[in-house]
Amino acid sequence: MTGPIYLYIAGFMLAGVASTLLTPFIIQLAHHVGMMDEVGDRRMHDEPKPRIGGVAVFFGFSFALFAVLGVALTHVHGFFPVDPHESPIAQLRDQLDAAHNLVGLIFGSMLILGVGLWDDIMGMRPRFKFGAQVVVAIISMVYGFHIGFIHHPFSHDPNDYIYPPWWVAYPLTLLWYVGMMNAINFIDGLDGLLTGFAAISCLFLFAIALTKGDPVIALVVVALAGAALGFLPYNFNPARIILGDTGSLFIGYVFATVSIIGTSKTAIAVGLIAPLVVLALPILDTAAAIYRRARSGKRITEADRGHFHHQLIFRYGLNVRQAVLLIYAICIVLGAVALFLAGGFHAFGRAA
């Protein structure tokens, strides 16, 4: 049971419209107060650009979630999954848990958005920014977002889970949060790259969530897809505004959280395989960056132009648009593989 499809369409549209309408005002504000990303050695643009575009994406995302959540809780019976064999009290508890996850995700997104805003406006040393990410991750874990069990990757039994001890689960969750936020931050190096990547990845995660019967994750990722697509016309090359750390950290946090939370044992959140495949590009790019910098004696946080998207331009001679479109295509292939692994094509075939 994943709820009426019109709620997902509404979430997608509301997020897209809100993001689209707010972005011009964010551009004006950034120009007015001087919140600009200056030209530098690592910058791929040749003129200063507003760098707090993540605010528009976050607003569209959160506005859509609050609006749809309100309708789902008050007017749509059975939107959140419950076990029909449970007592009414237990079913109510399941629904409250689902709402709890959504509210917690929005709250955590606001916290990491604040970290990104501080970095974009005031600037933060890498170790302070890393420390702030750890704090947000710990707050999320205290709230209840942690990897408590993982579906066995080589088992066909949907109820075959691995339950790691707490001293493994909590460090693993912390590593997942911090790693994902920085992986997404690293990929934000070309006009429109992260925005389009986020939209494509979210649409595939939405399809996977529908096949697994998890309306919470489906609603979250479809809202983020809508907000990203609403922002993309302003962000695609040549961009009028960029996401900045405000947007990249927020998007990374959402990806990390939807890979953890779940409202039922069939949730994709308890099996990290599909999200890992969908998000394989930034994860592998980050791993390569860490290895590259460590081997050359540089600090891991020291920026360079060795990322995959940089290599497409400086080594293989693609322009920015060509490089971005190629990465979009890679994301689509990875998303299709993840959907196949999750049984999505088979499920859609049965539905047809």
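Visitor: Which residue takes a positive phi just after helix 4?

Guide: Most residues other than glycine have a negative phi, and most peptide bonds are trans. Just after helix 4, Gly144 has a positive phi of about 130 degrees. Helices here are DSSP runs (H or I, at least four residues), numbered from the N terminus. The model is predicted: local features need pLDDT of at least 70, side-chain atom pairs count only at pLDDT 80 or more, and totals for chains, interfaces and linings use all residues. Residues are numbered from 1 along each chain as its sequence is written, and side-chain values use heavy atoms, with hydrogens and water left out.

Visitor: Where does Pro238 lie?

Guide: Pro238 is in the loop between helix 7 (215-235) and helix 8 (244-258). The peptide bond from Asn237 to Pro238 is cis, with omega near -5 degrees.

Visitor: Which residues of helix 4 are buried?

Guide: Buried means under 20% relative accessible area (1.4 Å probe, protein chains only). In helix 4 these are Lys129, Ala132, Gln133, Val134, Val136, Ala137, Ser140 and Met141.

Visitor: Which residues line the largest cavity?

Guide: A cavity is a set of points, on a 1 Å grid over the protein atoms alone, where a 1.4 Å probe fits but cannot get out; lining residues have an atom within 4 Å of a point. The lining here comprises Gly104, Phe107, Gly108, Leu111, Ile139, Ser140, Tyr143, Phe145 and Tyr253. Helix 3 (88-121) gives the most, with 4 residues, and helix 3 and helix 4 each supply at least two.

Note on methods:
Buried means under 20% relative accessible area, exposed over 50%, partly exposed in between (1.4 Å probe, protein chains only). On a 1 Å grid over the protein atoms alone, a cavity is a set of points where a 1.4 Å probe fits but cannot get out, and a pocket is an open set with protein on both sides within 12 Å along at least five of seven lines; lining residues have an atom within 4 Å of a point.
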